[in-house]
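Subject: Structure handover

Hi,

Here is the model I promised to pass on. Have a look at it first, and my notes on what turned up follow below.

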Amino acid sequence: MSNEAIITPELELSDGLNLEDGMNAERLEFGTFEATVEKSRLLEKSLAETPENYRVLTGDRPTGRLHIGHLFGSLQNRVRLQNLGVRTFIVIADYQVLTDRDTYENIAENVKNLTIDYMAAGLVPEIGKTCIFPHSHVPELNQLLLPFLTLVTNAELDRNPTVKEEIQASGQKRINAGMYTYPIHQAADILFCKANVVPVGKDQLPHLEMTRLVARRFNDRFAGSKAVFPEPQPLLSKAPVILGLDGSQKMSKSRNNTIMLCATEDETAALIKKAKTDSDRHISYDPVNRPEVANLLMLIALSTGSTPEAVAEQIGDGGSGTLKKMLTECLNEYLRPIRARRKEFEADGELVRTVLKNGIREAREVAEQTLDEVRHVMNMDV
Ligand code: TRP
């Protein structure tokens with residue numbers, strides 16, 4: 001088999017990341033965001049019609065408990081897909097935590113809380129339905145990583161805009177190779193179970209593009225016409241990016257602008273009270289010119305199944321006081337059953353361990369089958 005398929009014109013050696021270059025995720029090889037939104041719509045339709053044709057993988061780093069940005073940005077989507085009957089795998093990306101921070105003391109606690117948040121949000125860990133597992137207990141994933149690393153160039157790793165953003169955000173002076181290569185680890189996470197749908201937020205799209213590239217090159221190089229791996233498609237939720245309550249670009253715990261799923265109703269009210277808005281008393285949905293107000297309207301819409309435009313109309317000249325009051329009520333109501341389940345699961349000392357043990361077993365079985373196939377096409381049978 002010729003090597004032409006995998007050698008790209010950018011095969012020059014790179015001497016490190018250029019932080020200014022390629023910060024814009026909209027650029028060339030990553031496609032336009034609008035096109036991805038449109039494709040997501042079509043995919044959504046097909047998922048509802050033939051859920052049995054799809055397999056979902058997605059995941060999170062265990063860096064803390066989940067907040068409403070996670071809930072509306074991706075968790076809701078996952079639960080809906082699961083309930084449509086799409087087999088779902090969720091990786092808790094514990095190794096990935098080591099790429100952008102020095103602390104690892106809280107990983108076990110975070111894995112536990114994450115698992116509880118998942119279940120509270122409605123994911124049901126049952127064999128053949130939803131499989132939740134931590135990366136570090138599925139060594140087969142790392143076996144896939146090595147051949148995958150040979151399919152991409154340093155220059156391609158250099159260009160990943162999300163990696164650059166994360167390096168900047170973490171303030172690292174020296175970049176470890178784990179950080180640099182983690183989109184390929186992620187490709188192994190996704191492809192081990194031959195997932196063909198990955199519900200993600202906008203920031204993860206460049207990684208998914210990498211995964212598609214790895215799948216394509218693996219198939220071209222080793223599998224001839226018979227595809228071993230699918231090229232997974234991203235699925236964006238209705239609200240791919242939830243802004244922080246301070247109006248900054250992203251809701252995240254490190255920016256201290258979130259509402260945690262486990263927050264109490266009073267804490268939630270206090271956080272919303274402090275949220276940034278503007279001085280125009282007439283409430284309108286205008287994400288470009290009034291991003292903070294638009295974000296709060298979107299959160300109401302997501303909590304109630306309405307649209308942000310309809311909510312804006314309802315509030316009219318009520319000003320940001322009415323907007324915040326409404327959000328507090330709607331959000332607390334929406335989160336009430338989730339928070340109640342959270343408490344219940346937390347009280348069960350053995351539950352998380354059992355869920356993860358079963359998840360690990362299932363993930364390893366699936367991964368072993370894929371690895372057998374991978375070794376076979378790479379001429380590595382014994
Ligand atoms: N990189 C993701 C994050 O930062 C976590 C993750 C790891 C993931 N593996 C994945 C997401 C596979 C989707 C698919 O949160």
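Before the rest, some ground rules. This is a predicted model, where local features need pLDDT of at least 70, side-chain atom pairs count only at pLDDT 80 or more, and totals for chains, interfaces and linings use all residues. Residues are numbered from 1 along each chain as its sequence is written, and side-chain values use heavy atoms, with hydrogens and water left out.

Which side chains have polar atoms by the ligand's nitrogen atoms? A side-chain N or O atom of Gln 186 is 2.8 Å from a ligand nitrogen, a polar side-chain atom of Asp 189 lies 2.7 Å from one, and for Gln 204 the distance is 3.2 Å. The protein covers 91% of the 370 Å² of accessible area that the ligand has on its own (Shrake-Rupley, 1.4 Å probe).

**Second largest pocket**

H14 (351-377) and H4 (107-121) each supply at least two lining residues, with H14 giving the most, five. Of the 14 residues in the lining, Val 111, Pro 134, His 137, Arg 353 and Leu 356 lie nearest the centre. Seven of the lining residues are nonpolar, three polar and four charged. A pocket is an open set of points on a 1 Å grid over the protein atoms alone, where a 1.4 Å probe fits, with protein on both sides within 12 Å along at least five of seven lines; lining residues have an atom within 4 Å of a point.

**Overall**

The chain has 14 helices and five strands. Its C-alpha atoms fill a box of roughly 70 × 50 × 45 Å along the principal axes.

Cheers

How values were computed. Polar contact = N/O pair within 3.5 Å; in protein donor to acceptor, adjacent residues only side chain to side chain. Helix = DSSP H or I, 4+ residues; strand = E, 2+ residues; numbered from the N terminus. Nonpolar A, V, L, I, M, F, W, Y, C, P; charged D, E, K, R; others polar.
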